[in-house]
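Reader: I have a structure open and I'd like to go through it with you. Can we take it piece by piece?

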Amino acid sequence: MKKLAIGLAAAMTLALAGGAQAQAYPTRPITMIVPFAAGGPTDIIARIVGDHMSKTLGQQLVIENVAGAGGTTGITRAVTAAPDGYTIAMGHLGTFSAAPATYPGLKYDPINGMQTIGLAGGTPILIVARKNLEPKDLKEFVAYVKANADKVNEAHAGLGSVSWTTCTLLKGQLGVPKLNAVAYRGTGPALNDLVSGQIDFMCDQIVSVAEQVKAGTIKAYAVASAQRSPALPDVPTTTEAGLPEYQIEAWNGIAGPKGMPKEAVDRLVDALNKALNDEGTKKRLLDLGTVLPTAEERTPAGFAALIKRDADKLSPALSAAPK
C-alpha cells in the first residue's frame with residue numbers, strides 16, 4: 001500500500017510537471033507582423049532578428065507582411081490582437097513615433113496603448129541629392145534650399161514613410177515646411193527618379209541609399225546621427241557639416257498588444273537580446289549599416305522612452321506639415 005501511494009505521488013508529480021511544461025510560453029508559432037511589403041528595410045531586419053529569436057523560443061516566428069496607410073494598418077492589427085503573446089509586430093519610427101501626429105484618426109496609441117518589447121536596431125538617415133545638384137556640401141545645400149524653396153523638389157515614399165517623416169522634420173527646421181514634395185509608391189521609384197535627376201533631394205535610411213552613394217549615382221550631404229556610419233565613413237555627420245539640430249534615426253523595434261502575460265514579454269525580451277548578442281546576427285545587421293541598440297534600449301521601458309522622445313521631437317513639424 002505504501003509503495004502504491006509513493007507510486008501515485010510520483011506519477012502525479014510527473015503529470016503536474018508535464019502539464020506546467022506543456023503550458024510554458026510559447027506552445028505554438030508566433031506571428032510577427034511587418035507593416036510593409038517584403039524586401040524593405042523593416043522586413044529585412046525582422047527576418048534577420050526573427051530567425052535567431054525562433055531558435056531561442058523553440059517556436060517559429062512567422063513573418064506576415066500587412067502593408068497599408070504608412071504601416072499603420074499592420075500595427076493596428078498587431079496591437080489590437082488578443083494579448084496572448086502570439087501576435088507581435090516589428091514597427092519603426094514612422095509607425096510608432098510619427099503616426100499620432102501624421103494620422104489624427106489613428107486607431108492605436110503607441111505611447112500608452114501597447115506593450116513594448118525592445119529596440120531591434122537603428123538605421124541612420126542620410127540627406128541625399130541628385131549628383132549634379134549645385135551645392136557641394138550641407139551648408140551650401142541649406143542656403144540653396146532656403147533661397148529656392150519655390151523651385152526645389154523633394155521626393156518621399158508616401159505619407160507616414162521614413163523618408164516623408166525625416167524630411168518633414170528637416171524642412172521644419174530649415175523654415176521651409178511647404179517646400180514642394182513629390183510622393184511615390186515606395187522608396188524604389190523615388191530613388192530611381194533621384195538617380196535620373198528628375199528630383200532634387202530626399203532623406204532616407206542608409207540601407208536604402210548606400211549603394212547608390214558608393215556608386216556615385218547620387219551624392220550624400222550628411223548622416224543625421226552623432227557618429228559617422230561605418231557603411232559610409234566619408235560622409236560627415238550633420239554636426240560636422242553644420243546642422244547639429246538635425247539628428248534623427250529610423251529605428252526598428254518590437255511591440256505587441258497591451259496586457260500581454262509577463263512570461264511572454266520576458267521570453268520575447270530574452271530572445272531579442274540573445275539575437276542581438278549573436279555574432280552572426282550582429283554581422284548581418286552591421287553589414288546593412290544598422291546601429292545596434294544599447295542594453296537599455298532593448299528593454300520594454302527603454303524602447304517606450306525612445307518612442308515618446310521621438311514622438312515629442314517630431315510632433316510639431318508633422319502636425320503642421322501639408323498632408
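Reader: Where does Ala69 lie?
Author: This is a predicted model. In it, Ala69 lies in the loop between strand 2 (61–65) and helix 3 (72–79).

Reader: What is the phi of Ala69?
Author: Ala69 has a positive phi of about 55°, although Ala69 is not a glycine.

Reader: Is Ala69 buried or exposed, or partly exposed?
Author: Ala69 counts as partly exposed, because its relative accessibility is 43%. Buried would need a value under 20%, and exposed one over 50%.

Reader: Other topic. Which residues does a cis peptide bond join?
Author: Tyr25 and Pro26, with omega about -5°. Pro26 lies in the loop between helix 1 (2–23) and strand 1 (30–34).

Reader: And is Pro26 buried or exposed?
Author: Buried, because its relative accessibility is 8%.

Reader: What does Pro26 touch, then?
Author: Leaving aside residues up to four places away in sequence, Pro26 touches Leu57, Gln59, Tyr86 and Arg267. There is also a C-alpha separation of 9.6 Å between Pro26 and Leu268, which are 242 residues apart along the chain.

Reader: How do contacts in the whole protein divide by sequence distance?
Author: Take the contacts between residues at least 6 apart in sequence: 78% of them join residues at least 24 apart.

Reader: Let me zoom out. How many helices and strands are there?
Author: The protein has 12 helices and 10 strands. Its C-alpha atoms fill a box of roughly 95 × 40 × 30 Å along the principal axes. Of its 323 residues, 50% count as buried.

Reader: What domains does the assignment give?
Author: Domain 1 covers 30–122 + 250–320, and domain 2 covers 124–241. Their contact takes 17 residues from domain 1 and 15 residues from domain 2. The C-alpha centres of the two domains lie 25 Å apart.

Reader: How much area do domain 1 and domain 2 bury between them?
Author: About 1,400 Å², with 74% of it on carbon and sulfur atoms. On the domain 1 side, Pro41, Ala250 and Leu318 supply 30% of the area buried against domain 2, more than any other three residues.

Reader: Why give an area at all?
Author: The size of an interface is often given as the accessible area lost when the parts come together.

Reader: Which helices supply residues to the side of domain 1 that touches domain 2?
Author: Helix 4 (93–102) and helix 12 (300–320) each supply at least two residues of that side. By type, the residues on the side of domain 1 that touches domain 2 divide into 10 nonpolar, six polar and one charged.

Reader: Last one, helix 11. What reaches the backbone nitrogen of Gly280 at its start?
Author: A side-chain oxygen of Asp278, which comes to within 3.2 Å of that nitrogen; helix 11 spans residues 279–287.

How values were computed
Residues are numbered from 1 along each chain as its sequence is written. This is a predicted model: local features need pLDDT of at least 70, side-chain atom pairs count only at pLDDT 80 or more; totals for chains, interfaces and linings use all residues. Side-chain values use heavy atoms; hydrogens and water are left out. Domain bounds come from an automatic or database domain assignment. Contact means heavy atoms within 4.5 Å. Buried area is the accessible area (1.4 Å probe) that two parts lose on being put together, summed over both. Helices (H or I, at least four residues) and strands (E, at least two) are DSSP runs, numbered from the N terminus. Ala, Val, Leu, Ile, Met, Phe, Trp, Tyr, Cys and Pro count as nonpolar, Asp, Glu, Lys and Arg as charged, and the others, Gly among them, as polar. A polar contact is a pair of N or O atoms within 3.5 Å; within protein, one must be able to donate a hydrogen and the other to accept it, and residues adjacent in sequence count only if both atoms are side-chain atoms. Buried means under 20% relative accessible area, exposed over 50%, partly exposed in between (1.4 Å probe, protein chains only).
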